[in-house]
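Q: Please walk me through this one, and show me the rule behind each term as we go.

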Amino acid sequence: GVYVVDGATWDKMPGYFKDRINGLSPHSPFPIYDIDNDGKIEIIVTSEGPARMWDLGIWDSYITIGSVNYSEPPKMVNIIGDEQLEIFGSSTGAKIYDPYGNLIETIPTCYGHDTPLVQDIDNDWQNELIVLSGVGQLQCYDTSAYAPTTRVRTNVQLYSERRTGVGIYI
């Protein structure tokens, strides 16, 4: 299920919790962010199936992200270098989607498993995409995104103590 709780009282927010939601399988830490820039917070969830974007503002899922079965929820990172973050998911090869679930790019040799990192690791002022495969192989890809100042925090899992799964500075 999905539960939104009041941070002060830890009570479930009326109308924003449900034990079971058909077609929605939250699994592992998922990204939580205004993914489609509509002013409402969304999450991306999956569990051995297609990823779904769930809008916490309208309390509905209206986007399925590709037709690939993901074992871990895709994350939000800046790969393309435009003003928006992209959705990055990997299973059998990696897929990069725009914030509305449209496929932008496929990296057939990328087999990242859980948490991709986006950081300028070679000091060329452009981000690199770093993934660790399920068999322990580290893969690094150049991107067209310029590294922001202040840099994304990759020294904390899922990009911050808030564990948002979104590659922005917090």
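A: Happy to. The radius of gyration is taken over C-alpha atoms, and the globule rule is 2.2 Å times the number of residues to the power 0.38. This is a predicted model, where local features need pLDDT of at least 70 and side-chain atom pairs count only at pLDDT 80 or more, while totals for chains, interfaces and linings use all residues. Residues are numbered from 1 along each chain as its sequence is written, and side-chain values use heavy atoms, with hydrogens and water left out.

Q: What makes the radius of gyration of the chain agree with a compact globule?
A: For 170 residues, a compact globule would come out near 15 Å, and the chain has 16 Å, so the two agree. As for extent, the C-alpha trace spans about 50 × 35 × 30 Å along its principal axes.

Q: How many helices and strands are there in the chain?
A: The chain has zero helices and 13 strands. Both are DSSP runs numbered from the N terminus: helices are H or I with at least four residues, and strands are E with at least two. From the N terminus on, the order is accordingly β-β-β-β-β-β-β-β-β-β-β-β-β.

Q: Why is K75 called buried?
A: Buried means under 20% relative accessible area, exposed means over 50%, and partly exposed is in between (1.4 Å probe, protein chains only). K75 has 1% relative accessibility, so it counts as buried. This lysine sits in strand β7, residues 75-77.

Q: Which backbone oxygen lies 2.9 Å from a polar atom of the side chain of K75?
A: That of P73. A polar contact is a pair of N or O atoms within 3.5 Å; within protein, one must be able to donate a hydrogen and the other to accept it, and residues adjacent in sequence count only if both atoms are side-chain atoms. The 2.9 Å between P73 and K75 can be set against that cut-off.

Q: Why does M53 count as buried, and which residues is it in contact with?
A: Its relative accessibility is 0%, so M53 is buried. Contact means heavy atoms within 4.5 Å. Leaving aside neighbours within four places in sequence, M53 is in contact with I35, D36, E42, I43, D60, S61, Y62, I63, I87 and P99. Its place is strand β5, residues 49-55.

Q: What is the phi of N37, and why is N37 called partly exposed?
A: Phi is near 55 degrees, a positive value in a residue other than glycine. The relative accessible area of N37 is 46%, so it is partly exposed. N37 lies in the loop between β3 (32-33) and β4 (42-45). L85 is 48 residues from N37 in sequence, and 9.9 Å from it in space, C-alpha to C-alpha.

Q: Where is W59 found, and why does it count as buried?
A: W59 is in the loop between β5 and β6 (60-70). With 18% relative accessibility, it counts as buried. The phi of W59 is near 55 degrees, positive in a residue other than glycine.

Q: What makes Q119 and L158 buried?
A: Q119 has 14% relative accessibility, so it counts as buried. L158 has a relative accessible area of 4%, so it is buried. Q119 is part of strand β11 (117-119), whereas L158 lies in the segment after β13 (138-146). Not counting residues up to four places away in sequence, Q119 touches N127, E128, I130, R151, V152 and T154. L158 and F30 are 128 residues apart in sequence and 9.0 Å apart in space, C-alpha to C-alpha.

Q: What share of the residues in the chain is buried?
A: Buried residues make up 44% of the 170. Among contacts between residues at least 6 apart in sequence, 33% join residues at least 24 apart.

Q: How many positive and negative side chains does the chain have?
A: There are 11 positive and 23 negative ones, and the centres of the two sets lie 8 Å apart. Lys and Arg count as positive, Asp and Glu as negative, with His and the chain ends not counted. Each charge is placed at NZ of Lys, CZ of Arg, CG of Asp or CD of Glu.
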